[in-house]
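Trainee: I have a new model open and would like a quick tour. Start with the terms, then the details.

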Amino acid sequence: MPELPEIEKLVRRVRRDLAGKQVHEVLARDPNTGELRSQPAGRATTITGARRYGKMFSLDLDNGRSVLAHLRLWGAAGFGDRETCLAAQPTLALRVGDGEYF
């Protein structure tokens, strides 16, 4: 279970590495089948920042919306190429920038 320092470290990394990058694709795990399904991001959406709320964090988007997340029991968020990120069996993955995944 991640503690506050791990969440704060993640938020700072998102602010440093992902702020200003566009979201090009959203992969979401289907709760019924367990498959990751690709959804186009729709209109160009940019990550503007990140915030921590206790053990939860949010990704702020330029359209005024946010993605609120909790790392659950596993306590991991992946950064990197598609294979590395998806190997962690995420519930949600975002393709940002130049093919990076979060």
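Mentor: Terms, then. Strands here are DSSP runs of E with at least two residues, and helices are runs of H or I with at least four; both are numbered from the N terminus. Keep in mind that this is a predicted model.

Trainee: Good. Where is Y101 placed?

Mentor: Y101 belongs to strand β6, residues 100-101.

Trainee: Is Y101 buried or exposed?

Mentor: Buried. The relative accessible area of Y101 is 6%, and the cut-off for buried is under 20%.

Trainee: What does Y101 touch, leaving out residues up to four places away in sequence?

Mentor: The list runs E25, L27, G78, F79, G80, D81, R82, C85, L94 and R95.

Trainee: Which side chains make polar contacts with Y101?

Mentor: E25 is one, with a side-chain contact of 3.4 Å to Y101. R82 is another, and its side chain meets that of Y101 at 2.9 Å.

Trainee: What else does β5 pair with?

Mentor: β1. Five bridges join β1 and β5, again antiparallel.

Trainee: Switching to packing. Which residues of the largest nonpolar core touch the most other members?

Mentor: L10, V14, L18, F57, L59 and F102, in a core of 16 residues. Two or more core residues come from each of α1 (4-17), β2 (36-53), β3 (56-61) and β5 (92-96). The top contributor is α1, with four residues.

Trainee: Why would such side chains gather like that?

Mentor: In soluble globular proteins, nonpolar side chains tend to be buried together.

Trainee: And F57, what does F57 touch beyond four places in sequence?

Mentor: I7, L10, V11, R51, R52, V67, L68, A69, L71 and F102.

Trainee: Which residues does the second core include?

Mentor: C85, L86, A93 and Y101 are among its five residues, and that core is separate. So Y101 comes back: at 6% relative accessible area, Y101 is buried.

Trainee: Now α1. How many residues does α1 have, and how far does α1 reach?

Mentor: There are 14 residues in α1. The first and last C-alpha atoms are 20 Å apart, close to the 20 Å expected at 1.5 Å a residue.

Trainee: Which α1 residues are buried, and which are exposed on the other side?

Mentor: I7, E8, L10, V11 and V14 are buried. Viewed down the axis of α1, the buried residues fall within an arc of 160°, so they line one face of the helix. P5, K9, R12 and R16 are exposed on the other side.

Trainee: Why does that spacing put residues on one side?

Mentor: An α-helix has 3.6 residues a turn, so residues three or four places apart point the same way.

Trainee: On to β3. Is β3 mostly covered or mostly open?

Mentor: Covered. Five of the six residues in β3 are buried.

Trainee: What does β3 pair with?

Mentor: β4, residues 66-70, antiparallel through five bridges. L59 has V67 as its bridge partner in β4. The two strands form a hairpin with four residues between them, and G64 in the turn has a positive phi of about 90°.

Trainee: Last one, T45. Buried or exposed?

Mentor: Buried, with a relative accessible area of 7% for T45. T45 sits in strand β2. Its contacts beyond four places in sequence are K21, Q22, V23, L61, D62 and N63.

Technical notes: Residues are numbered from 1 along each chain as its sequence is written. This is a predicted model: local features need pLDDT of at least 70, side-chain atom pairs count only at pLDDT 80 or more; totals for chains, interfaces and linings use all residues. Side-chain values use heavy atoms; hydrogens and water are left out. A nonpolar core is a set of buried Ala, Val, Leu, Ile, Met, Phe, Trp, Tyr and Cys residues joined through side-chain atoms within 4.5 Å. Buried means under 20% relative accessible area, exposed over 50%, partly exposed in between (1.4 Å probe, protein chains only). Contact means heavy atoms within 4.5 Å. A polar contact is a pair of N or O atoms within 3.5 Å; within protein, one must be able to donate a hydrogen and the other to accept it, and residues adjacent in sequence count only if both atoms are side-chain atoms. Two strands pair if DSSP finds at least two bridges between them. The expected span of a helix is 1.5 Å times one less than its number of residues. The arc is that of the directions from the helix axis to the C-beta atoms.
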